[in-house]
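Have a look at the picture first, then take the points in order.

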Amino acid sequence: MIHAVYPGSFDPLHNGHLDVIRRATRIFGRLTVAVLQNPGKRDQMFSSAERLEIIRRATAGMEHVNAESFDGLLAEYMRISGADVIVKGLRAISDFEYELQMAHLNRQLNPKAETTFIMTATRWSYLSSTRVKEIARYGADVSKLVPGATLEFLRAHQAAAADQVG
Ligand code: PNS
């Protein structure tokens with residue numbers, strides 16, 4: 001049975017991520033969605049505990065999928081978790097150069113971990129967590145772009161932000 005890891009910031013999980021998760025489960029016997037604890041991105045919205053909880057809720061009905069967080073190098077996490085394969089989503093050619101670099105570096109750091117790519121479905125190829133957050137921060141509707149669990153956390157975040165202003 002092949003154990004695959006789908007790593008990312010997932011800040012927050014959107015429908016493109018969920019599509020990759022669904023398709024990966026058809027290929028691999030076990031899938032761990034691995035949330036990077038400290039992505040160090042300027043526009044971070046959710047804590048790693050929140051991002052993890054969103055993923056757990058959104059994948060609750062899926063067999064052989066679990067989610068956990070990690071810190072440090074992915075290559076090291078692969079070693080500790082004993083997983084065989086790294087899964088990455090590719091949306092467009094613009095993702096490729098960055099992903100190619102990461103794949104080569106990860107292979108150098110951990111030759112046992114094989115990187116694989118799943119093409120994101122065309123209908124989500126334009127989607128990113130950055131854009132979801134941007135739209136949500138303006139209070140616009142993102143319900144067609146994210147799963148229900150993400151929507152709940154976004155709404156709670158909006159409510160907390162409104163409370164602070166008020
Ligand atoms: O969703 P993202 O932000 O594109 O995910 C990027 C992620 C988490 C996969 C990547 O930043 C990562 O693997 N970070 C862990 C640190 C690491 O291993 N860096 C790469 C060294 S080659």
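1. Burial terms. Residues here are called buried under 20% relative accessible area, exposed over 50%, and partly exposed in between, using a 1.4 Å probe and protein chains only. With F96, the value is 39% relative accessibility, so this residue counts as partly exposed.

2. What you are looking at. This is a predicted model, in which local features need pLDDT of at least 70 and side-chain atom pairs count only at pLDDT 80 or more, while totals for chains, interfaces and linings use all residues. Residues are numbered from 1 along each chain as its sequence is written, and side-chain values use heavy atoms, with hydrogens and water left out.

3. The overall fold. The protein chain contains 6 helices and 5 strands; these are DSSP runs numbered from the N terminus, helices being H or I of at least four residues and strands E of at least two. In sequence order the pattern reads β-α-β-α-β-α-β-α-β-α-α. The radius of gyration is 16 Å, close to the 15 Å from the globule rule for 166 residues, so the chain is as compact as a globular protein of that length. That radius is taken over C-alpha atoms, and the rule is 2.2 Å times the number of residues to the power 0.38.

4. Extent, surface and contacts. The C-alpha trace spans about 55 × 35 × 30 Å along its principal axes. Of the 166 residues, 45% are buried. The accessible surface is about 9,400 Å², and carbon and sulfur atoms own 53% of it; such areas come from the Shrake-Rupley method with a 1.4 Å probe, and for residues only the protein chains shown count as cover. Among contacts (heavy atoms within 4.5 Å) with a separation of 6 or more, 77% are between residues 24 or more positions apart.

5. F96 itself sits in helix α4, residues 93-109.

6. Aromatic pairs. A search of the whole structure turns up 3 aromatic pairs. In one of them, the ring centres of Y6 and F10 are 5.2 Å apart and the planes stand at 80 degrees, so the pair is edge-to-face. For Phe, Tyr and Trp (its six-membered ring), pairing asks for centres within 6.5 Å; planes under 30 degrees apart count as stacked, over 60 as edge-to-face and the rest as tilted. Both Y6 and F10 are buried.

7. The whole structure holds 10 salt bridges, each defined as a side-chain nitrogen of Lys or Arg within 4 Å of a carboxyl oxygen of Asp or Glu. One of them joins D43 and K133 at 3.4 Å, N to O. These two residues are 90 residues apart and link distant parts of the chain: D43 is in the loop between β2 (30-36) and α2 (48-58), and K133 is in helix α5.

8. Salt bridges within helices. R57 and E53 meet at 2.9 Å, N to O. Being 4 residues apart in helix α2, they are separated by about one helical turn. R57 is partly exposed at 41% relative accessibility, and E53 is partly exposed at 29%. In helix α5, E134 and R131 are 3 residues apart, again about one helical turn, and their salt bridge is 2.5 Å, N to O. E134 is partly exposed with a relative accessible area of 37%, and R131 is partly exposed at 45% relative accessibility. Shared partners also join D11, D43 and K133 into one salt-bridge network.

9. S129 lies in helix α5, residues 129-137, and is buried with a relative accessible area of 12%. What does S129 touch, leaving out residues up to four places away in sequence? The residues touched are D11, P12, H14 and H17.
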